[in-house]
Amino acid sequence: MCCPGCEAVAQAIAGRGLSDYYRLRDAVSGRMASTSADDRLPDDLSVYDSLALQSRFVREVAPEHVPDAAGPGPVQHEADLLLEGIRCTACVWLVEQTLARVPGVVRVDVNYASRRARVRWDSSRSPFSRLIAAVRAVGYRAWPFEASRAALIDRSERTAALWRLFVAGFGMMQVMMYALPVYIADAGSMSADIEQLMRWAGLVLTVPVMLYSAAPFFRGAWRDLQRRSLGMDVPVALGIGVAFAASAWSTLAGHGAVYFDSVAMFVFLLLAGRFLELLARQHAARALQHLARLVPETAHRITGGGSVETIPVALLKPGERVEVRPGETIPADGPLESAQAMVSEALLTGEARPVHKRSGAAMIGGSVNAGSPFTMRIERVGGETALSAIVRLMERATSERPRWLDLSQRAAGWFVIAILACALASGLAWAWIDSSRALWIAVSVLIVTCPCALSLALPVAMTVATGELARGGLVATRGHTIGSLAEATDVVFDKTGTLTLGRMGLLETVIFASRDTAGSLALAGTIGRGSEHPAARALAEAAEAAGICDPEESGDVRSEPGMGMEALIGGHRFRLGRAGFVAALHGLPAPVAWVHTRDTTVWLGDERGWIAAFRLGDRVRPGAGEAISILRAMGLRIHLLSGDDPAVAARLAAELVIAAVSGGATPAEKLAYVKALQHAGARVAMVGDGVNDAPVLAQADVSIALRGGSDLAQVRADAVLLSDSPMDLARAVRLAQCARAVVRQNLAWALGYNLIVLPLAFSGLVTPLIAGIGMSSSSLLVVLNALRLRARHGR
Amino acid sequence: MDILYLLIPLSVVLVLLVGVVFWYALKSGQLEDLEGPALAIIADDDKPPAGR
């Protein structure tokens, strides 16, 4: 018995005559125990010992003394394990004890709340896989836990900021306790000794605030000075530095005024503003990171024998087959093996409705199974997947500094010089007027006019907008994308394929017999269902989409290559296909369905005569017409440039009400067209497929590529429309315009604030309290204004 | 009034002490798992596990 608890349970079981439990249990678990004896490892676990894999979740740590060993082990490692099956503290205890008994293990900490175990062990005595095997041997499952790097950095940043804030707040409150008696005491009622003691106490408590809490300001200012530029930290550091130095000097000298309370309060308010700003920034950046976190931790691999085992996604190899259960996330890219599946690619494309996929269709890692379980083959893993290509593109966009960002930073630099000059001037001026207030007014000027809001105005809005665009299905791949998109005056659709689905669909039906349209379509769908021919597929899909296809009914279908299909349903012979093929069944001349058409026409008939004709062709993407009218309502001019047959382009343009259309254009003509537009002062946004027509896309001010099956890694465009939906394009343009508006509001506010506040501070009307609050809330307001972009378009 | 000469420095020391104790508690992970240790005390592990 392992513990009194077990003993009590065992007695209760035996006492009620349930001893059979043990016989049954041993029969099942005995097998398990024998295969997972300490020294033998299941084959699949040994992969954890590969160094390349281990580098992702095992850390080398400084050796710690081991009580029972001869000395500290040569190398010690630490890893976090994610535990499955932990239900109560007894489980925690069991896992802890089991791990602690593995040779070489120095320390085990199991966290009940997060279900994680941190193990530190001597890797020369036990390989990592033995830890996992030990946990498995007692019936739990353990995975190496790999925290996302970005999440870790976020967390440590937040903790550090909170600590600085705590120290500053704590110091501020206590310093105020020492400052208050001095303020309220009548002259002479407090002895000089006590007053001096109060000053020293204030000094002692302000030192940690200055050295620890205010360190980021000083460090930032020092870094700026080293780079011979003036950032927003310079005036802040100078302000609190001067105030503290003057107060400390007064304390040491034993006379003069001290302002330790004000210094601590400054630091606290500035830090509080920065902390809120940090939270808002991380909140906004999370939209960018959420893509990287879409890949699940584990996958269900189907082994050669047909059984299913759970393994970490990192161990998946191309060529393997996995099972994806309902509600689970697809672990990597590859074709579907099951007959069909419903998947939601919402997190990737912003489209919430599940997509229907057939056998062989490409499944994208990160999308969610919204239907029944299916199996798929893995083709690309890790860094080669579409998801990681998108993440890389987005990282490039965020790491690129757009020109105007540098410009605003430089403007802030000049601003700082102006502030320093103003502060110096006000200090000197007040030294003439009232020397006791000179220092404070100079410091207030420094703090209150700090251009923090000015330098935050742009980057925060851009971060939020980039994340928001990605949620809506448009991934910006360059730093300038949003700015250029907002300024676009003309949208040029390159190729008709950007507005059409690019595959055959049912356009029109004409009926000749007594059957109605729906009945004819249902019949055609039933006949065409089994075929792989695009026309038959289009009819079957149309019938399915209309919900009129009878899944039960299926006749004896025979296909005649190049001609059509013949089916025997309910004793009647039906033919679907070319006019001649169908006419051969009844011998009647073909009626006139359409006078002029370049589209494919499929005929349906039986022994008695013609039933219906279906016109099939490329269909307009859903939402394209609406998107174009929205874009036009926003004041953009729409153009369609197409290399296709001019008649096809013209018909599409007529359907979508596009005035400027040019069919049959060669790449050189397209380039000339875009150049001519730009020459006339237009800012051109080009929508293309992103791989061909590179010169035209490069010539445009901003280029948007459709995902459309093209290789994401090859995309040269400034943005990729993942959802392929024109509506998302319209939304993206609107969002970009909103982002531009927000940036303008922010800049206006930041400049306006400084212009109003400067004369007030100059004239001594701004107390240190107002200066601290004013500056913090000004930069916070800018951040909140940027977050509004999220709320407005938020889902 | 003389007692103030003792009390004021004492209050400074106390403030610093409180700060240090809180820092230590946070740093050593005492606030990370608020549930487990309360239940772990019930576990009967008198025998020290091997390797500790």
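Chain A contains 25 helices and 27 strands; helices (H or I, at least four residues) and strands (E, at least two) are DSSP runs, numbered from the N terminus. This is a predicted model, in which local features need pLDDT of at least 70 and side-chain atom pairs count only at pLDDT 80 or more, while totals for chains, interfaces and linings use all residues. Residues are numbered from 1 along each chain as its sequence is written, and chains are lettered from A and ligands numbered from 1 in the order in which they are written.

Of the 795 residues in chain A, 42% are buried. A residue is buried if 20 or more other C-beta atoms lie within 10 Å of its own, exposed if 12 or fewer, and partly exposed in between, with C-beta atoms placed from the backbone.

Let me turn to the sheet. An open, mixed sheet of 7 strands in chain A has the order β15-β27-β26-β25-β16-β23-β24. At its edges stand β15 (474-476) and β24 (660-662) of chain A, each with a single partner strand, so one side of each has no neighbour in the sheet. Two strands pair if DSSP finds at least two bridges between them. Within this chain, β16 (residues 490-494) and β25 (residues 684-688) run parallel and are joined by 4 bridges; A:D490 has A:V684 in β25(A) as its bridge partner.

Elsewhere, β19 (residues 564-569) and β20 (residues 572-577) of chain A are antiparallel over 6 bridges. They form a hairpin with 2 residues between them, and A:G570 in the turn has a positive phi of about 55°. On β20(A), A:L576 is opposite A:M565 and also opposite A:L604 in β21(A). The pairing of β20(A) with β21 (residues 600-606) of chain A is antiparallel, over 4 bridges.

Finally, the helices. How do the axes of α17(A) and α18 (residues 534-546) of chain A cross? They come within 8 Å and cross at roughly 125°; axes are lines fitted to C-alpha atoms, for helices over the stretch in contact, and angles run from 0 to 180 degrees between N-to-C directions. The two helices, α17(A) and α18(A), are therefore oblique to each other: angles under 35 degrees count as roughly parallel, over 145 as roughly antiparallel, 65 to 115 as roughly perpendicular and the rest as oblique. The buried residues of α17(A) include A:L521, A:A524 and A:G528.
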